[in-house]
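Welcome, and please have a look at the model shown below.

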Amino acid sequence: MRESDKIDDLLVKVMLGEATEMESKLVADWLEQDDANRRYYVQFQTIWQESRRLMHQRKIDEDQAWERFKRSVETPKVITHPASLFRSWIRIAAAVLVVLGVALAYWLNRPTATEVLTLASLDQPLTDTLSDGSIVHLNKHSHLTYTAEFRGKPRREVELKGEAFFEVAKNPEKPFVIQVSHGTITVLGTSFNVKNTEKTTEVIVETGLVEVENTVQKMKVGPDEVAIIPSDMAPLIKKKKDDILYNYYFTGTLVCRDTPLNDIVRKFSEVYNRTIILTNEAIGAKKMNTAFDLSDPLEGHLRLISQTLEIDFYTRNDTLYLK
Amino acid sequence: MEINSYQINRDNEAAFEQLFKKHFRGMHSYAFTLVKDDMAAEEIVQNIFYKLWEKEEQIEIRESVSGYLYRSVYNDCLNYLKHLKVRDAYQSYAMEQDRSVNNTSSRLELGELEKHLEKALNELPEKCRTIFQMSRFEELRYQEIADRLGLPVKTIENQMGKALRLLRIKLADFLPTSILLILLTC
């Protein structure tokens with residue numbers, strides 16, 4: 001070990017009151033030798049003192065934490081995955097109440113491994129965690145069916161109606177399989193969006209790799225790619241992801257990058273539940289580059305759009321018009 | 001009593017509870033200093049215990065249990081932060097609007113130090129970072145840290161020296177060079 005490293009160890013020991021008498025004397029002599037040495041030591045002290053400010057101030061109660069832990073292992077739905085946390089989870093408080101109510105029902109009924117559970121959303125998006133740590137963000141009016149426990153099964157199977165963004169926990173031994181209208185999507189561990197209607201299914205991959213399959217063919221889809229399952233017998237379609245308008249329902253922000261007004265208005269009417277009409281086709285093609293916070297009122301966004309694109313915005317009978 | 005690592009799961013709840021309560025606070029404090037979010041810290045620690053709870057096979061823990069737990073906190077927190085960065089890429093516009101700049105020239109020097117200290121601290125290698133955490137934030141003596149991590153005291157001494165040495169090098173530009181200034185602010 002280098003000479004200078006040894007002195008660092010001793011300086012810290014002295015600072016922390018861990019040094020022996022002989023070591024303290026060594027340090028005192030060293031400090032005596034040179035101004036630069038004293039400065040060096042003071043720098044150590046400064047760092048040590050400053051670091052105190054970074055300390056976590058709130059005292060956590062481990063007994064209460066244990067109670068929380070016990071509750072979470074006894075109900076299958078309340079386990080969390082560290083990467084799932086968004087600031088906007090506070091905004092789905094209503095959905096959380098629903099989940100708590102359902103969790104209570106499960107606690108009373110103690111589901112067995114084969115019991116089938118349903119996750120369903122109404123007018124609000126809903127986020128939940130499955131027993132393997134995978135997270136599902138359901139958009140409005142969507143529906144996911146799955147078994148209570150994946151333990152003891154070769155695959156993790158769920159069925160989706162509607163739209164959801166999945167963050168699948170990695171488990172190479174147990175593929176995660178989603179049944180959709182006309183095919184299946186198989187995943188090992190990744191994040192992606194699935195929009196499923198009666199006729200078609202669209203899969204947008206954010207990270208990782210997903211395999212999409214129908215009766216005709218099987219196809220791998222990677223990051224920033226989109227796969228479409230048109231219907232049972234038709235071949236699958238793959239294209240590049242050109243918008244970021246799919247995760248807005250759980251991030252709370254609609255990010256527009258060269259996004260045509262047509263698409264923006266469509267998403268707005270879905271989120272805000274209002275009718276927005278573009279009076280002519282030409283404005284629909286105009287592009288916006290900005291991010292809209294979806295907790296702000298719609299009128300504000302439309303006013304911004306009208307200013308930026310130099311078009312008119314007015315309201316009549318509760319319908320909003322852009323012209 | 002050091003718990004036999006192979007018994008730590010749902011089959012031995014009493015032992016598990018003991019382990020949980022012994023380490024939760026330290027682990028949570030560590031997670032908090034890394035991710036700076038109370039809720040995230042709790043969920044990360046709970047998740048580590050959950051995985052232990054659910055393990056059907058015997059775990060091969062080649063070191064002390066505390067060492068394993070603290071290492072898990074370090075890794076899971078860093079993963080969480082990495083994941084946040086990916087998501088933040090989509091919200092870059094919103095974030096730029098949020099950032100508020102507060103620069104008064106008299107405060108500038110110490111404020112910068114704190115910010116860079118936080119960053120430098122989280123860049124320390126894993127063992128170094130963990131030992132610093134236990135000393136500074138859990139206020140444990142060297143011998144206690146050595147016992148918990150199953151390491152010799154000499155290693156703790158070396159790692160602490162290394163921590164301060166690395167921090168000093170990284171923060172060289174932000175440490176006040178006037179001794180008088182330090183003595184006044186002590």
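Which residue just after α1(A) takes a positive phi? Gly17(A) does, with a value of about 75 degrees. Please keep in mind throughout that this is a predicted model.

Helix α1 of chain A covers residues 3-16, and its 14 residues reach 20 Å from the first C-alpha to the last, close to the 20 Å expected at 1.5 Å a residue. Its buried residues are Asp8(A), Asp9(A), Leu11(A), Val12(A) and Lys13(A). They pack against α2 and α3 (35-52) of chain A, together with α8 of chain B.

## Chain A as a whole

Chain A holds nine helices and 18 strands. Of its 323 residues, 32% are buried. If you take the contacts in chain A between residues at least 6 apart in sequence, 45% of them join residues at least 24 apart.

Leu144(A) in β4(A) lets you follow both pairings. Leu119(A) stands opposite Leu144(A), and in β5(A) the bridge partner of Leu144(A) is Leu160(A).

## A three-stranded sheet

Further along chain A, three strands form an open sheet with mixed pairing, in the order β15-β18-β17. The edge strands are β15 and β17 (313-316) of chain A, each of which pairs on one side only. On average, neighbouring strands of this sheet are turned by 25 degrees against each other, direction ignored.

Within the sheet, β15(A) and strand β18 (residues 319-322) of chain A pair in the parallel sense over three bridges. Ile276(A) has Leu320(A) as its bridge partner in β18(A).

## Helix α7 and its surroundings

What distance separates the end C-alpha atoms of helix α7 (residues 261-272) of chain A? They are 16 Å apart, which agrees with the 16 Å that its twelve residues should span at 1.5 Å a residue. The buried residues of α7(A) are Leu261(A), Ile264(A), Val265(A), Lys267(A) and Phe268(A). Seen down the helix axis, they fall within an arc of 165 degrees, so they line one face of α7(A).

These buried residues pack against several elements of chain A, including β14 (253-260), β15 (276-278), β16 (287-293) and α9 (298-309). Just after α7(A), Asn273(A) takes a positive phi of about 60 degrees.

## Where the two chains touch

How many residues of chain B are in contact with chain A? There are 47, and they meet 42 residues of chain A. Among the elements that give two or more residues to this side of chain B are α1 (13-35), α2 (38-54), α3 (65-88) and α8 (153-170) of chain B. α2(B) gives the most, with ten residues.

By type, the residues on the side of chain B that touches chain A divide into 25 nonpolar, ten polar and twelve charged.

How values were computed. Residues numbered from 1 in each chain as written. Chains lettered and ligands numbered in written order. Predicted model: local features only at pLDDT ≥ 70, side-chain atom pairs only at ≥ 80, totals over all residues. Contact = placed C-beta atoms within 7 Å. Helix = DSSP H or I, 4+ residues; strand = E, 2+ residues; numbered from the N terminus. Nonpolar A, V, L, I, M, F, W, Y, C, P; charged D, E, K, R; others polar. Expected span 1.5 Å × (residues − 1). Buried ≥ 20, exposed ≤ 12 C-beta atoms within 10 Å, placed from the backbone. Arc of directions from axis to C-beta. Pairing = 2+ DSSP bridges. Axes fitted to C-alpha atoms, helices over the stretch in contact; angles between N-to-C directions.
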